Amino acid sequence: MSRVKLLVRLLNAPEGGETAVAMAARLCYSGANIDALREKVSAADQNAFIQRLAEMGHLSPIEHASFTFGIEGVSRSLLAQITRHRLASFSVQSQRYVDQTKGGFSYILPPAVERLGPEYQARYEEQMQTIAAWYDEWVEALGGGKESAREDARFVLPNAAETKMMATMNARELLHFFSLRACSRAQWEIRALAWAMMGLCLAKAPALFAHCGPSCAFGACSEGKMSCGRAEEIRKKRADLAAFVEENKQAPDFEERMCAWAQENA
Ligand SMILES: Cc1cc2nc3c(=O)[nH]c(=O)nc-3n(C[C@H](O)[C@H](O)[C@H](O)COP(=O)(O)OP(=O)(O)OC[C@H]3O[C@@H](n4cnc5c(N)ncnc54)[C@H](O)[C@@H]3O)c2cc1C
């Protein structure tokens with residue numbers, strides 16, 4: 001059994017995704033046929049046009065660009081939150097099929113517990129080991145390493161247990177996801193994931209994601225009375241993210257760097 005940390009990889013992003021978006025948008029305003037449109041769009045830089053779409057609120061064209069992420073080192077607690085986003089597609093590691101006996105389950109340590117110091121960390125780890133022993137005991141009692149035994153033994157596993165998933169969202173849903181989950185009101189773990197995903201998207205499709213982030217990063221706060229009142233700080237953080245991406249996007253371990261940055265700064 002071990003403690004694990006967030007890792008998110010951008011597995012699939014449309015090559016020329018911004019071209020498809022620009023074509024979809026131009027098609028709305030043009031009498032040209034598809035081939036003529038493709039030629040027109042390929043011949044000129046579409047970045048400024050794509051950025052204007054978002055400003056106009058003409059967002060349906062950006063649904064034509066989808067992004068797939070591989071996510072690990074996150075808790076079942078995060079899973080419960082991210083899967084509320086109904087326009088995303090998910091595949092999640094199964095606790096029925098994957099054997100987690102003999103210390104096989106990994107867990108997430110909340111930073112607040114870590115900050116309490118080594119004594120509390122050790123206590124937390126001890127509790128995880130106790131739960132792992134309960135889990136093994138139930139698998140054994142329910143018939144050994146069978147699917148039906150794991151199916152019920154998993155009821156004693158904690159929210160801290162690690163899960164792995166693949167998630168696919170189109171750019172419009174991603175912008176919505178970032179506006180909610182990169183906000184300082186979101187819970188720390190999904191917020192770190194959202195900031196890491198924002199960095200990966202900014203590196204891959206800068207025009208589409210030029211204004212991604214919580215609403216206050218580029219305009220007014222949408223949280224009303226619940227506002228954290230820290231818009232200026234968030235704007236600086238959003239600018240820091242853009243600078244970090246520019247400096248690091250060519251690095252072979254960019255995704256690892258992005259996750260470390262997000263966990264430190266989100
Ligand atoms: C800070 C925070 C705290 C939260 N606390 C809680 C909580 O205590 N309890 C809880 O249950 N949830 C909580 N949530 C989850 C929240 O209520 C949403 O379920 C989640 O954020 C998904 O948002 P969404 O529905 O906008 O997104 P998506 O499901 O990604 O949908 C995107 C958009 O599509 C449209 N849409 C999608 N489906 C429909 C539909 N059926 N009808 C009409 N329009 C639709 C909406 O415009 C929606 O905003 C919290 C979320 C946040 C960010």
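Predicted model: local features only at pLDDT ≥ 70, side-chain atom pairs only at ≥ 80, totals over all residues.
The domain assignment of the chain gives domain 1, formed by 7-92 + 163-265, and domain 2, formed by 111-160. A distance of 34 Å separates the C-alpha centres of domain 1 and domain 2.

Two packed helices are described by the angle between their axes and the distance between the axes. The table lists these values for two helix pairs.

| Helix pair | Residues | Axes come within | Crossing angle |
|---|---|---|---|
| H8 and H9 | 171-181 and 188-204 | 9 Å | roughly 140 degrees |
| H10 and H11 | 231-248 and 254-265 | 11 Å | roughly 160 degrees |

With axes crossing at roughly 140 degrees, H8 is therefore oblique to H9. This crossing of H8 and H9 is left-handed. On the H8 side, Leu-174, Phe-177, Phe-178 and Arg-181 meet Ile-190, Arg-191, Ala-194, Met-198 and Cys-201 of H9. The contact of H8 with H9 contains 7 nonpolar and 2 charged residues, with no polar ones.

For H10 and H11, the axes cross at roughly 160 degrees, and the two helices are therefore roughly antiparallel to each other. The crossing in which H10 passes H11 is right-handed. H10 contributes Lys-237, Asp-240, Phe-244 and Asn-248 to the contact, while H11 contributes Phe-254, Arg-257, Trp-261 and Asn-265. The contact of H10 with H11 divides into 3 nonpolar, 2 polar and 3 charged residues.

Definitions and conventions
Residues numbered from 1 in each chain as written. Domains from an automatic or database assignment. Axes fitted to C-alpha atoms, helices over the stretch in contact; angles between N-to-C directions. Helix = DSSP H or I, 4+ residues; strand = E, 2+ residues; numbered from the N terminus. Parallel < 35°, antiparallel > 145°, perpendicular 65-115°, else oblique. Left-handed = near helix turned anticlockwise from the far one by under 90°. Contact = placed C-beta atoms within 7 Å. Nonpolar A, V, L, I, M, F, W, Y, C, P; charged D, E, K, R; others polar.
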